[in-house]
Amino acid sequence: MAILNSCFFNIFLTIATLVTFLLLYVKYRRTYWQRRGVPTLPAHWFFGNVKDVIQFKKSPSIVIGDLHSEASDNDDVLGIYIFHKPFLLLRNAELIKQILIKDFDYFPDRYFTAQSIRDKIGSSNLFTMHNPEWRQMRTKISPVFSSGKMKKLFHLIGETAGSMIKYLEQQFSHDAKTKTIFVRDIALRYTTDIISSVAFGIKVNSFDPKTVQFFEKAQEGTRITFLRAIQFSVMFFFPQFSKWIAGQMLGSSTNYFRKIFWNSMDTRNITKAKRGDLIDSLIDLKNENDLKLEGDELVSQAAIFFVAGRESSVTTICLTLYELAKHPEIQKRTREEIHEKLKEHGMTYEAFQSMKYLNQVISETLRIYPPAPLIDRICVKDYKIPGTETVIEKGTPVYVALTGLHHDPRYFSNPQHFDPDRFSDKNKDNIKQCTYMPFGDGPRVCVGVRLGLLQSSMALIAILKDYEISLDPTCNKDGIDVRNVFLTVTEDFRLNFTKL
C-alpha cells in the first residue's frame with residue numbers, strides 16, 4: 001500500500017510540476033508586449049483576445065476590428081494575443097503607410113499561408129507566395145487585369161448580367177410583383193460565370209439547369225463547413241501548423257478543376273490562339289526559365305483567382321444591396337443615375353465609367369464591409385518603428401484590421417453611418433492615405449481590383465435598373481457568416497425584390 005501511495009504521489013507531483021511550468025510559460029508569453037512597452041488590452045488566460053472567435057460568436061475580422069476600436073486614440077500600435085502567440089496591430093495611418101509601402105522590404109510577405117502536404121494547388125499561388133518569386137509572378141500576371149483588358153471583358157460581363165436578369169425573372173410567378181430572393185446564390189452564379197472565363201479560360205452558364213455542373217462543383221469544393229472554418233483560421237493565425245492541418249483549397253472538386261484547367265491549357269497550346277487572359281500568362285510562365293512552374297503550381301494560380309475573385313464580389317454585391325435596402329433614398333438616387341446614364345450611353349463601358357454615384361455607393365460598402373478585412377504581413381528582419389524604441393522582431397505577424405480602421409472616428413466622421421458622399425469628387429481627397437484600403441495597399445495591393453469592381457458594378461446596374469430592393473424581416477440582420485476569416489454573408493442571405 002505504501003508503494004502504491006508513493007507511486008500516486010509521484011504521478012501527482014509530476015503532473016503538478018508540468019502544469020505549473022505550463023502556466024508559467026503561458027504567463028511569460030502573455031507579457032511579451034508589456035515587456036516591450038507596447039500597449040495591450042485585457043485577454044483571456046488561454047484564448048488571448050479571440051475568445052469570441054473560438055466560441056463562434058463573432059467572425060475573426062470583427063473581433064480584431066473591435067480590438068482596434070477599443071484601444072486608446074494615442075496608441076499607434078496594439079499588442080494582441082491569439083492564444084499565447086503575440087501579434088502586432090497597426091492603428092496609425094502614417095505607420096501603416098510606412099510598413100506597407102515605404103519599408104516594404106521588411107514586410108514583403110503575408111503571414112497567412114495555405115501550405116499543405118496534401119494540396120500543392122493551395123500552397124503555391126500568388127496570394128501566399130514569398131518574395132522574390134511573388135514579384136516575378138505578379139509582374140507576369142498584372143497585364144491580365146489592365147484597364148484595356150477590362151474593357152474587352154465588358155461584353156462578356158454584360159452577357160452574364162443578362163443571364164442573371166433572365167434567371168431572376170423566372171423566380172417570379174405571373175401575378176407576383178415582390179419575391180424574396182436568396183441573393184448570395186444569385187451572386188455566386190453570376191461571378192462563377194465571369195471568373196471561370198478569366199481564370200480557367202472557359203465559358204459556362206450557371207443560370208441554365210442544363211449546364212450547372214461547373215457551378216455545382218465549385219459549390220461542392222469551396223463550401224464553408226465547420227472543419228473548413230477551423231482550417232482557414234489555422235492557416236491565418238497559426239500557419240506553421242497548416243502543413244498538416246490545412247485541407248485542399250478546392251476540396252472534393254480538386255480533380256474536376258485540375259482536369260478543366262489542363263484541358264483549357266492543352267486547347268490553347270494546340271490552337272495557338274491568344275486571348276490575353278490568365279491561361280495565356282500561365283503558358284508563358286511555364287515556358288520561361290526565371291520562374292519555372294509545373295503541374296499543380298500552374299493550376300494554383302487559376303484556383304486562387306477563381307476562389308478569391310468569386311467570394312469578394314459576392315460579398316460586395318450582397319451587402320451593397322443590403323445597405324440600399326436600408327436606405328431607400330440612396331437607392332432611389334442610385335437608380336436614377338443608372339437610368340440616366342443608360343439612356344445616354346446604352347449598356348456600354350462608357351456608361352459604366354460615368355456612373356459616379358454608383359461607384360461612391362460601392363466604395364462606401366467596401367469601407368463598412370471590406371471582404372478581405374485583415375491585411376497581414378510578417379516581419380522578415382528586425383524593424384525599429386520610426387520615432388520610437390520599439391523593435392518588431394523578425395517573424396512577428398503584423399495586422400491591419402480594416403473592420404477597425406475603416407470605422408475609426410479619427411479618420412471617418414460618424415463612421416457607422418452609410419454615406420456614399422464621403423467618396424464624392426468634393427470629399428474624396430479628404431480621405432487620408434492608408435485609412436481606406438479594401439483591396440490592400442502597396443506592392444501587394446490586390447491585382448484583380450479592376451475586375452472585382454467591374455463585375456460587382458455590372459451586377460448592381462442590372463438588378464437596380466429593374467428591381468426595387470427592400471429588407472426581408474426574417475433575414476438575420478446583415479447576415480455576416482461568423483465562421484469565416486474573410487467577410488462573407490451566410491448562405492441564406494436574402495432580400496425582397498419588387499419588379500418596377
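I take buried to mean under 20% relative accessible area, exposed over 50%, and partly exposed in between, with a 1.4 Å probe and protein chains only. With that cut-off I looked up C434, which at 2% relative accessibility counts as buried.

**Ground rules**

The model is predicted, so I note that local features need pLDDT of at least 70, side-chain atom pairs count only at pLDDT 80 or more, and totals for chains, interfaces and linings use all residues. Residues are numbered from 1 along each chain as its sequence is written, and side-chain values use heavy atoms, with hydrogens and water left out.

I stayed with C434. Its phi is near 70°, a positive value in a residue other than glycine. C434 is found in the loop between α18 (402-405) and α19. For element names I use DSSP runs numbered from the N terminus: helices are H or I with at least four residues, strands are E with at least two.

I then checked F83. F83 is not a glycine either, yet it has a positive phi of about 60°. It lies in the loop between β1 (77-82) and β2 (85-90). F83 is partly exposed, with a relative accessible area of 22%.

Next I looked at the peptide bond between N131 and P132. That bond is cis, with omega about 0°. P132 lies in the loop between α5 (120-123) and α6.

**Domains**

Domain 1 covers 1-31 and domain 2 covers 32-499. I find their C-alpha centres 47 Å apart. Contact here means heavy atoms within 4.5 Å. By that rule, seven residues of domain 1 are in contact with 14 residues of domain 2.

**Nonpolar cores**

A nonpolar core is a set of buried Ala, Val, Leu, Ile, Met, Phe, Trp, Tyr and Cys residues joined through side-chain atoms within 4.5 Å. The largest one has 98 residues. Y190, L321 and F497 have the most contacts inside it. Helix α14 (residues 296-326) supplies the largest share of this core, 15 residues. Apart from it lies another core, of 26 residues, and C434 turns up there along with L88, F107 and I375, among others.

**F497 and I181**

I listed the neighbours of F497, leaving out residues up to four places away in sequence. Among them are L168, F172, K177, I181, L321, I463, Y467 and I469.

I181 sits in strand β3 (residues 178-182). At 3% relative accessibility, I181 counts as buried. The C-alpha atoms of I181 and F497 are separated by 6.6 Å, although the two are 316 residues apart along the chain.

**Helix α8 against α19**

Two packed helices are described by the angle between their axes and the distance between the axes. My axes are lines fitted to C-alpha atoms, for helices over the stretch in contact, and angles run from 0 to 180 degrees between N-to-C directions. The axes of α8 (residues 183-200) and α19 (residues 449-464) come within 11 Å and cross at roughly 145°. From α8, the contact uses Y190, T191, I194, I195 and V198. From α19, it uses L451, Q455, M458 and A459. I count Ala, Val, Leu, Ile, Met, Phe, Trp, Tyr, Cys and Pro as nonpolar, Asp, Glu, Lys and Arg as charged, and the others, Gly among them, as polar. The contact residues then divide into seven nonpolar, two polar and no charged.

R189 also lies in α8. Buried or exposed? At 15% relative accessibility, R189 counts as buried. It touches Y167, S206, F207, V212 and F215, again not counting residues up to four places away in sequence.

**Helix α13**

Why do I call α13 (residues 278-287) largely enclosed by the rest of the structure? Seven of its ten residues are buried. They are L278, I279, D280, S281, L282, I283 and L285. The cover over them includes α6 (133-141), α8, α12 (254-271) and α14.

At 28% relative accessibility, K286 counts as partly exposed. I get 9.8 Å between the C-alpha atoms of K286 and E297, which are eleven residues apart along the chain.

How values were computed:
Domain bounds come from an automatic or database domain assignment.
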